[in-house]
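Good morning, and thank you for coming. Please have the sequence and the structure open as I speak.

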Amino acid sequence: MGRVELTKVYEPRQAEAKWYQYWLDQDYFHAADSSSKKPFSIVIPPPNVTGMLHMGHALNNVLQDIVVRYKRMQGHNALWMPGMDHAGIATQNVVEQELAKEGLTRHDLGREKFIERVWEWKAKYGGVIIHQLKRLGCSCDWTRERFTMDEGLSKAVREVFVRLYNDGLIYQGDYIVNWCPRCRTAISDLEVEYHPEAGQLWSIRYPLAEGGGGIVVATTRPETMLGDTAVAVNPNDARYTELIGKEVILPLVNRRIPIIADDYVTMEFGSGAVKITPASDPNDFAMAGRHKLEIIRIMDDNAVITEKGGIYAGQDRYECRRNVIRDLEAQGCLVGTEPYTHNIGQCYRCKTDIEPAVSRQWFVRIAPLAKEAIAAVVTGKTRIIPSSWESTYFEWMNNIRDWCISRQIWWGHRIPVWNCEGCGKVIVASEDPASCPACGGAKLRQEEDVLDTWFSSGLWPFSTLGWPENTEALKTFYPTSLLVTGFDILFFWVARMMMMGLYVMKDVPFSDVYLHALVRDENGEKMSKSKGNSIDPLEMMDKFGTDAFRFTLAAFTAQGRDVRMSEERIEGYKFFINKIWNATRFSMMNIEDLPADAAVRPEDRSIADRWILSRLNRTIAEVIRGLDEYRFNDASAAVYQFVWHEFCDWYLELAKPVLYGGENPIGRRAAQKTLLDVLTQSLKLLHPFMPFLTEEIWQTLIGDGSSVMVSAFPAADEACSDPEAEAEMGIVMEVITRIRNIRGEMNVAPSLKLKVTLATPDAAVQKTLERGRISIANLANLQSLTVTGETAEPKGAATAVAGPIRVYVFLAGVIDVAGERGRLEKEIARIEKDLVVVSRKLANPEFLAKAAEPVVAKEREKARGFGEKRAALGAALKRLAAFAEAG
Ligand SMILES: [Zn+2]
Ligand SMILES: [Zn+2]
């Protein structure tokens, strides 16, 4: 065939850069707006513009790339839509930090200049992650790359806002929100992280207004008492029946507040009476609504006490807390202090303690939207995989609260609402209005707040395809086929896309949602920089090549389980790559003279040829099933097992005699053709997992200018399965394995040729062995092989059983029996000692109680290994004894 040779070793860095550019040049990642091919589409979970590739991204994007490459090869018009999220708070934080180094705040710059600065930052540093995704081999249609703040998507955002508003699904209201005093914005319930904190529970007595006694309330946040507007008790609490409706005097403030009754109060907690601060607690806020209580805001946006806090005005919340305690104590109102551990909510961006606060916010009325989104999963219009996540989805969607969509930051989609300063009219419009439609005035003031980042990413599946324009791409690719994402953003993002897609497009945004787990270290621990157990994907790609890294991710992605990653595991798959490379080099050297149009009749094929083709067919079916069902570990394991163990370990060895020998030209041609076919099909199966290696090999092996990336994915064909060949090869392989085991156990040098007799009364099996004679003799390295029906045991041979066959390996004169026995006994003694040590450890309750779970598991694994080794050595000794006796 006159092909060029492969280099001695595979150079990932070189191949990766070369083939990625080649694919781009050939426009292979591009999906047509319309096509006669069946559409397949995925939208990328848009990484933050501030993002840097971590293991989570790597896993997420490798899985998407595997699916999209697979679908493309199967003949789909496959689109992987890429882009980035503007990531409101995160990006604003980065730029604010940059400003801080110059001694400036965003307020020094003003809104317009600050936003300019963010765009400058984006142009300079944003989107590093896009380059990193390219290194990963991602076959996104980069010609379509979108950004949540680009013109088209901004238009979509405004359009949806206006529609929701006109449908009465957006409203403005006073609401208690999670307020981050550092970011100075409201953040969603989901963005609050709770940590247990050892604090105090202070008991405070509020004296009755009519004099005498009082009522004791307990709190972990005494400073909030400045804003109390009631004390509540349970209506069934006999201790307080008399007091309901009376008033107490709020200490330090000297305000009169009522004692009210509400079922919400638990009688068992503390004194059974609770202080009510509607402006600082969501439950109290709800109670204020029920009882028409006054809402007094005693903290400003920076969590500093306002003038409503009297003498504490101007103090920050913690300073105020100390002073309030001191003053209550001085007045004799503090009746108890006890240590108390409670959960503190923190901003997930900046780790500042959240201050629940009442403020004017914009909301999406969620119930009508959630209803549709629930129904779509109930009816199976959208499948969630693994399905165990469905119940979580329903649970959350059924209890969802209205969505606070306003954020008090500058970087984002400014809310498209204007107030006319002339007549007070509120204008909600997708285009900036020039004048007031009511009074014609031109003094219009736009709402200061921007929309929650998830508002724009909720539109991602259709906004990226051109909506609100009814584009060809939208018609072709919506609803998208699949979404691949981490389960941790099921609610942040997936649920919102469901609601928005159904509301705007009247159809689900995707048919399948595949939720993958998190990447953890090999012991199942969460990866973190501080623990020192995190793995940098870029470093792994540099060290082991992108394909080894990708394959490892796929191999460890089992549904419903964490992905446990370690450097050793990635290194392990680098050996797989070397194996494939060397097998190809060997194959190419042996098919050099195979004509491109060589035809082989079925009857020319050896059993080994038929066997490997049958196994290949089964492997194709397994890989397809695995990928179709998003069982990435099963798909990758099937191709790994086949290529390494069946093709490289067995078939290449089996084919050697006929490839090397000149005496069977027809058989040789058949083996050559088989070799080429299996290799070609294997490269296709491997391509979605290992795009670079397979392209590098393909371009040399096939050498006709075609690319494996756009070749047709193999299809399984029941007609290609050959159970007869598989059964025959099964026998031959088992015999070879038995002989090799005896060789190993008896410590016989691999180069030493042995005499072997295979005895079986079964005539058909005898025939099989005769047909496999050359294979057995070669692979077991035999001097002579006798196949017989004679069942009497010969002398001087070690024996083994392979199904209906007795295997006799003649060792008389080959090994030193006494020496070998001594060696085995010594080894047994050593292993028994090891076994005692580890067994003692595992029987020690103190060790079991103290040691970490992975440590114990490691010891158990050790014990199991020693046990197995001991058994094998025992068997060898027995065999030796039997052989010595017989001899
Ligand atoms: Zn914050
Ligand atoms: Zn007006």
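For comparison, the ideal angle for four tetrahedral donors is 109.5 degrees. Please keep in mind that this is a predicted model, and that every value I quote is computed from it.

Is Cys347 buried or exposed? Cys347 has a relative accessible area of 1%, and it counts as buried because that value is under 20%.

Four strands form an open sheet in the order 10-11-9-12, and their pairing is mixed. At the edges are strand 10, residues 247–250, and strand 12, residues 273–276, each of which pairs on one side only. On average, neighbouring strands of this sheet are turned by 30° against each other, with direction ignored.

Within the sheet, how do strand 9 and strand 11 run relative to each other, parallel or antiparallel? Strand 9, residues 230–233, and strand 11, residues 255–261, run parallel and are joined by three bridges. To find one of the partners on your screen, select Ala232: its bridge partner in strand 11 is Ile260.

Next, a helix. How many of the eleven residues of helix 22 are buried? Eleven of the eleven are buried in this helix, which spans residues 691–701. Among them are Phe692, Leu693, Ile697 and Trp698, and also Glu695, Glu696 and Gln699. What covers these buried residues includes helix 1 (12–26), helix 2 (55–73), helix 6 (128–135), helix 17 (546–555), helix 18 (567–590) and helix 21 (665–686). After helix 22 comes Gly703, which has a positive phi near 60°.

That angle leads to the backbone. In general, most residues other than glycine have a negative phi, and most peptide bonds are trans.

Lys292 is not a glycine, yet its phi is positive, at about 55°. Lys292 sits in the loop between helix 8 (282–291) and helix 9 (317–330). Its relative accessibility is 72%, so Lys292 counts as exposed, the cut-off being over 50%. Asn747 also has a positive phi, near 60°, in a residue other than glycine. Asn747 is placed in the loop between helix 23 (723–745) and strand 26 (754–759), and with a relative accessible area of 45% it is partly exposed.

Finally, the cis peptide bonds. One joins Ile385 and Pro386, with omega about 0°. Pro386 belongs to the loop between strand 15 (383–385) and helix 11 (388–398). Another joins Trp467 and Pro468, where omega is about 10°. Pro468 is in the loop between helix 13 (460–463) and helix 14 (472–477).

Thank you for your attention; I would be glad to take your questions.

Key. Residues numbered from 1 in each chain as written. Chains lettered and ligands numbered in written order. Predicted model: local features only at pLDDT ≥ 70, side-chain atom pairs only at ≥ 80, totals over all residues. Heavy atoms only, no water. Pairing = 2+ DSSP bridges. Helix = DSSP H or I, 4+ residues; strand = E, 2+ residues; numbered from the N terminus. Axes fitted to C-alpha atoms, helices over the stretch in contact; angles between N-to-C directions. Buried < 20%, exposed > 50% of the residue type's maximum accessible area, 1.4 Å probe, protein only. Contact = heavy atoms within 4.5 Å.
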